[in-house]
Amino acid sequence: MRYSMNDFRFRDVPSAVSFLEIEEGVLARWREGNIFHRSLEQREGAPEFVFYEGPPTANGKPGVHHVLARVFKDIYPRYQTMRGKHVGRKGGWDCHGLPVELEIERELGLSSKKEIEAFGIEEFNKRCRESVLRYVGEWEKLTERIAYWVDLGDAYKTMTNGYVESVWWSLKRLFDQGLLEEDYKSVPYCPRCGTALSDHEVAQGYTTVTDPSVFIRFPLTDAENTSLLVWTTTPWTLPSNAAAAIHPEVSYVAVEQDGERLILAEPLVHRVLGPDAKIVEWFDAGALEGRSYKPPFDYVSPEERAWYVISAEFVTTEDGTGIVHIAPAYGAEDLEAGRQFGLPVIALVDDDGKFTAQTGPFGGRPVKEADSDIIEDLRARGVLFRAETIEHTYPLCWRCDTPLLYMARSSWFIRTRSRKEDLLASNEKVTWYPDHIKHGRFGDWLANNIDWSLSRDRYWGTPLPIWRCDNRHLVCVGSAAELTERTGRDQSALDLHKPYVDEITFVCGECGEHMQRVKPVIDAWYDSGSMPFAQWHYPFENEDTFDQKFPANYIGEAIDQTRGWFYSLLAISTLLFGKSSYERVVCLGHIVDKDGRKMSKSLGNVLNPWEVLEKQGADALRWYFFTVGSPWSSRRVYMEAIDDVVRGFMRMLWNVYSFYVLYANTDSLNPASLETVPVSERPDLDRWILSELHDTIRTVTNAMEDFDATGGGRRITQLVDDLSNWYVRRSRRRFWKDAGDRDKAAAHLTLYECLMNLSLLLAPFTPFLADELWDNLVRGSNTEAADSVHLANWPAFDESLIDGALRAEMVATRKAVALGLQARTASKLKVRQPLAKAVISGSDATKVERLKALIAEELNVKDVVVSDAPAVDGASATDGGLTVTLDTSLTDELRAEGAAREIVRAVQNLRKKSGLAVADRISLGLEVPDPMWDSLSAYREWIAGEVLASEMSRGRVQGAQGTAEVGVDGVKVSVSLRRA
């Protein structure tokens with residue numbers, strides 16, 4: 001139904017607003033009306049826009065960086081829903097992995113894997129399971145409060161049997177393709193966590209460190225007093241030295257110094273030994289290859305030949321000495337060289353990152369801590385040539401900040417390198433925001449891809465579903481049903497976690513031997529990257545659903561996920577389905593503090609999101625995130641910046657909204673019942689703002705289609721500024737006219753149309769404020785309208801209403817006004833003082849010809865003249881092709897009118913202070929000297945009309961509700977009033 005004119009009233013809108021109260025009221029309305037789920041239901045059967053939720057881990061409380069990611073994950077699904085798409089938003093929780101284990105270790109006071117095993121894996125994993133959803137309530141509360149619409153009631157969990165079973169199915173697919181294999185490789189290893197890491201995990205933990213830089217003598221056994229000069233930054237690897245490598249195409253020399261000969265690469269002599277170094281002999285690489293030397297340590301006596309010179313292409317002359325110490329037990333290149341030359345793998349470091357007992361005095365010591373003692377040992381024995389330090393980047397464990405060790409270990413790998421071209425091809429079909437990520441940060445990562453180190457020697461994770469017998473035969477199990485078939489016992493209720501799966505054995509089909517599961521669990525990133533199919537328990541059920549919702553049209557997370565979730569999603573889907581699991585991805589920048597520093601507890605600069613939400617609300621934080629800069633730029637987040645959003649954009653919009661409702665209610669004016677005034681018959685000002693409105697709809701629509709929330713938000717900001725600082729200010733008098741006036745109707749219809757469309761445009765950006773406007777303005781005037789703006793359709797722009805010429809004219813007109821005001825300021829003449837003339841000249845002057853009346857009103861001049869050149873003396877201001885010159889000479893008549901305007905301003909201020917409504921009539925008293933009273937005679941009727949004075953008398957009004965004094969043209973005037 002629609003309300004009639006005489007019984008109509010919008011909900012009153014106070015000028016002073018609490019956005020917190022507004023948001024709480026809207027939240028309650030959403031809950032009561034089940035608006036989110038209704039928005040999904042009403043689009044059932046519509047074309048799908050597929051969104052994937054990257055699963056957070058709920059064993060910690062959410063921070064302000066989570067708000068950033070979640071609001072960007074919210075805005076585009078909201079927009080696409082309003083565009084008529086069905087956008088399912090299934091939530092998810094990441095449940096496995098080291099973060100969970102480390103939290104439980106801290107709670108239990110455990111510090112090693114041995115202590116975990118002594119405590120009991122079953123109980124330890126039980127504690128992990130209980131902890132992963134510990135803060136789900138906090139996450140759900142924040143998620144609702146920031147208006148992130150995602151279905152957490154049906155969220156997938158990576159620890160459920162159904163999810164794990166889908167992951168097992170995918171691993172069996174890879175195994176059957178020969179893409180999942182065990183290998184002995186040098187891998188980045190965390191001694192604290194006791195497990196290897198994948199390359200994309202390592203990429204997340206680099207930091208700048210200071211390490212030793214040591215030059216060591218490797219004395220040749222066949223030349224007296226002659227040594228290879230070797231350089232390393234990892235002294236702890238020297239006890240495992242097996243060879244020294246030179247480059248096959250580099251010239252080497254012997255330098256005589258202090259009675260000994262040192263051999264190093266010729267290009268590095270002066271850098272290492274100084275400009276006075278004396279070269280006494282030259283060698284080609286072949287003359288050094290195969291020569292033996294005395295090792296820096298001889299804790300072992302390997303069976304294979306060791307401690308001689310080999311050649312390797314990876315040796316460089318960019319730093320060091322051009323001779324590289326080779327320890328196949330550690331570095332990847334070292335291991336490869338060891339295999340090529342048959343070198344021994346001298347492993348002297350245990351799983352805890354400590355030296356074994358074989359290393360004598362270093363036994364039991366953490367290797368990095370032993371560096372200084374190793375250097376002193378080398379110095380004491382005369383092996384050390386020089387010791388310095390070097391600052392460089394070094395990888396730390398991204399979860400516990402322990403320095404990683406590169407160690408040769410047996411691990412399970414996914415052979416992603418063999419499918420590198422497929423991964424690159426998948427990436428070519430993805431649209432990245434920003435675009436440079438595609439072939440930059442992400443593309444480079446794929447181009448230099450190495451095999452995925454999948455296995456983790458931990459406990460709480462998806463078990464690697466591979467069983468092995470004593471004869472090394474392997475079976476990869478792809479489902480609980482397969483376990484049932486192989487064991488002959490129903491395994492449908494088996495918890496697919498350690499230690500329960502470790503108890504499952506069966507007979508090898510090839511040799512009849514006993515088969516047992518290998519120990520590792522898998523990288524938790526594989527879990528999260530499996531969500532496109534595992535969230536549906538595919539392929540065991542929901543095959544149609546998966547087909548319908550694969551790939552995703554859109555995903556978004558922080559930029560560091562290029563080597564995390566973004567990579568795992570693309571890699572797994574490419575290996576399984578031949579294409580990426582997402583079509584578009586928005587990379588978000590990081591959160592920093594006011595000074596640009598990374599937020600951390602140690603710096604004390606972490607901003608609790610609830611501090612912002614409880615002070616300024618969610619819309620302010622959302623708007624700031626969307627409009628402060630490009631999504632992929634770092635964001636400085638601090639309370640003052642959010643305050644500026646509220647004081648600026650939000651209050652500016654609120655004031656326009658409050659203004660409209662005030663005057664609509666004053667006349668009981670329902671816009672739905674107004675006589676339509678065709679746009680073509682409305683004044684220039686109306687047609688201009690409607691042109692700006694429809695250009696805004698067009699611009700924001702295009703921006704949102706291009707996933708450019710920032711561009712869209714900034715165009716909305718401009719429209720609201722146009723409304724507040726030009727349209728409403730220039731139209732204010734039109735709203736005061738008598739009911740039934742056609743111009744007044746045009747003004748109401750125009751402003752209502754702008755506010756109604758703004759509520760639609762703002763719905764994805766500031767969902768609370770948008771729904772407040774919709775509920776009052778649209779629902780309030782037409783109960784047949786949608787219950788919420790979030791159940792409405794996105795607005796369509798009308799190209800015919802976008803008047804480019806009028807927009808250009810208004811730009812020039814506003815520029816002329818700004819220049820005129822600048823000239824007034826320079827001449828120290830208040831705007832309320834009328835002037836005789838403004839002359840507008842310059843190449844752009846003709847653009848203002850049609851809108852001179854607006855300029856005259858805004859500058860308070862009697863006449864506006866467009867001329868080739870200023871024809872009057874006075875104050876002037878110029879900008880580009882426009883000059884405005886004001887005639888600043890004042891007549892008595894102009895002074896009198898200026899005085900009248902000053903009095904009106906004083907009365908209007910007094911009305912507000914006295915608490916009068918805008919429509920209240922008053923009795924007005926003016927206490928002024930005789931000369932001024934006489935000069936005001938021509939303006940008394942005008943003053944009365946402006947301030948709604950039923951009567952105006954000289955002197956103080958009896959029973960005054962308010963009084964004030966004001967200086968007018970150097971004369972003191974007393975004003976008094978009361979409600980008539």
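Two strands pair if DSSP finds at least two bridges between them. Helices (H or I, at least four residues) and strands (E, at least two) are DSSP runs, numbered from the N terminus. This is a predicted model: local features need pLDDT of at least 70, side-chain atom pairs count only at pLDDT 80 or more, and totals for chains, interfaces and linings use all residues. Residues are numbered from 1 along each chain as its sequence is written, and side-chain values use heavy atoms, with hydrogens and water left out.

**View 1. Open sheet of 3 strands, β15-β24-β23.** Pairing in this sheet is parallel. β15 (431–433) and β23 (555–558) are the edge strands, each pairing on one side only. The twist averages 20 degrees from one strand to the next (axes are lines fitted to C-alpha atoms, for helices over the stretch in contact; angles run from 0 to 180 degrees between N-to-C directions). β23 and β24 (residues 584–588) are joined by 4 bridges. I555 stands opposite V585 in β24.

**View 2. Helices across the sheet.** Helix α3 (residues 64–82) lies across β23 and β24, at about 150 degrees to β24. Helix α21 (residues 565–577) lies across β15, β23 and β24, at about 140 degrees to β23. Contact means heavy atoms within 4.5 Å.

**View 3. Helix α4 and its cover.** Among the buried residues of α4 (residues 98–108) are L98, V100, L102 and I104 (buried: under 20% relative accessible area, 1.4 Å probe, protein chains only). Their cover includes α5 (113–119), α6 (121–131) and β4 (195–196). Just after α4, G109 takes a positive phi of about 75 degrees.

**View 4. Kinked helix α24.** A kink of about 40 degrees is centred on R651 (the bend is the angle between axes fitted to the seven residues ending at a residue and the seven starting there). Of the 28 residues of α24, 20 are buried, so the helix is largely enclosed by the rest of the structure. S668 follows α24, with a positive phi near 50 degrees.

Definitions and conventions:
Buried < 20%, exposed > 50% of the residue type's maximum accessible area, 1.4 Å probe, protein only.
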